[in-house]
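Reader: I'd like to learn how to read the strands and pockets of a protein model. Could you walk me through one?

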Amino acid sequence: AILGAGPAGLSAAIFGARAGLTVLVMGSHSGLLAETPRLENFPGYYGASSYDSMVGTGEDWLATTRSQARNLGAHFALPGLMASSLEHNQNDSFSMKTQLDTFHSKSVIVATGATSRRLNLA
């Protein structure tokens, strides 16, 4: 299971799915990258936008990468479904409780990203 659907979580989903692992991604479609109006500094990314053919938005990149992971076999929980607790079980597996269900996994990648906050300095 991968907790987080930003750049790190989606990249992990792609590599895990390509390796033949069963991958479940939990996370929201929001975050710092989703709010980026002009993305032009990701290596190898040529997004579609009105600026020119070399630029896209953060949401463009996220949608493209989600699609790539899904096409490789990754599964996605409902957008916004978050783990409220994570437990390491005696049999070396993990349990993640959500609002709807409890999911079990042999391993967990935590890629929850970052949020910006104001320092309120004068």
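**Strands and pockets**

Author: Let's start with the open sheet: its four strands come in the order β3-β2-β1-β7, and the pairing is parallel. β3 (75–76) and β7 (109–110) are at the edges with a single partner strand each, so one side of each has no neighbour in the sheet. Strands here are DSSP runs (E, at least two residues), helices are runs of H or I with at least four residues, and both are numbered from the N terminus. Two strands pair if DSSP finds at least two bridges between them. This is a predicted model, where local features need pLDDT of at least 70 and side-chain atom pairs count only at pLDDT 80 or more, while totals for chains, interfaces and linings use all residues. Residues are numbered from 1 along each chain as its sequence is written, and side-chain values use heavy atoms, with hydrogens and water left out.

Reader: How many bridges link strand β1 and β7, and in which sense do they pair?

Author: Strands of a sheet pair through backbone hydrogen bonds, either parallel or antiparallel. Here β1 (residues 2–3) pairs with β7 in the parallel sense over two bridges. Ile2 has Ile109 of β7 as its bridge partner.

Reader: And which way do β4 and β5 run, parallel or antiparallel?

Author: Antiparallel: four bridges join β4 (residues 85–88) to β5 (residues 94–97), and Leu86 has Met96 in β5 as its bridge partner. Their hairpin has five residues between the strands, and Asp92 takes a positive phi near 65° there. β5 also runs antiparallel to β6, again with four bridges. That hairpin goes through four residues, and Lys97 has Thr102 of β6 as its bridge partner.

Reader: Now the pockets: what is the volume of the largest pocket?

Author: Rolling a probe the size of a water molecule over the atoms shows where empty space is left. On a 1 Å grid over the protein atoms alone, a pocket is an open set of points where a 1.4 Å probe fits, with protein on both sides within 12 Å along at least five of seven lines; lining residues have an atom within 4 Å of a point. The volume of the largest pocket is about 430 Å³, meaning the space filled by probe spheres set on the points, which are joined across faces, edges and corners. It is lined by 24 residues, with Ala5, Gly6, Ala111, Thr112 and Gly113 nearest its centre. Helix α1 (residues 7–18) gives the most to this lining, with three residues.
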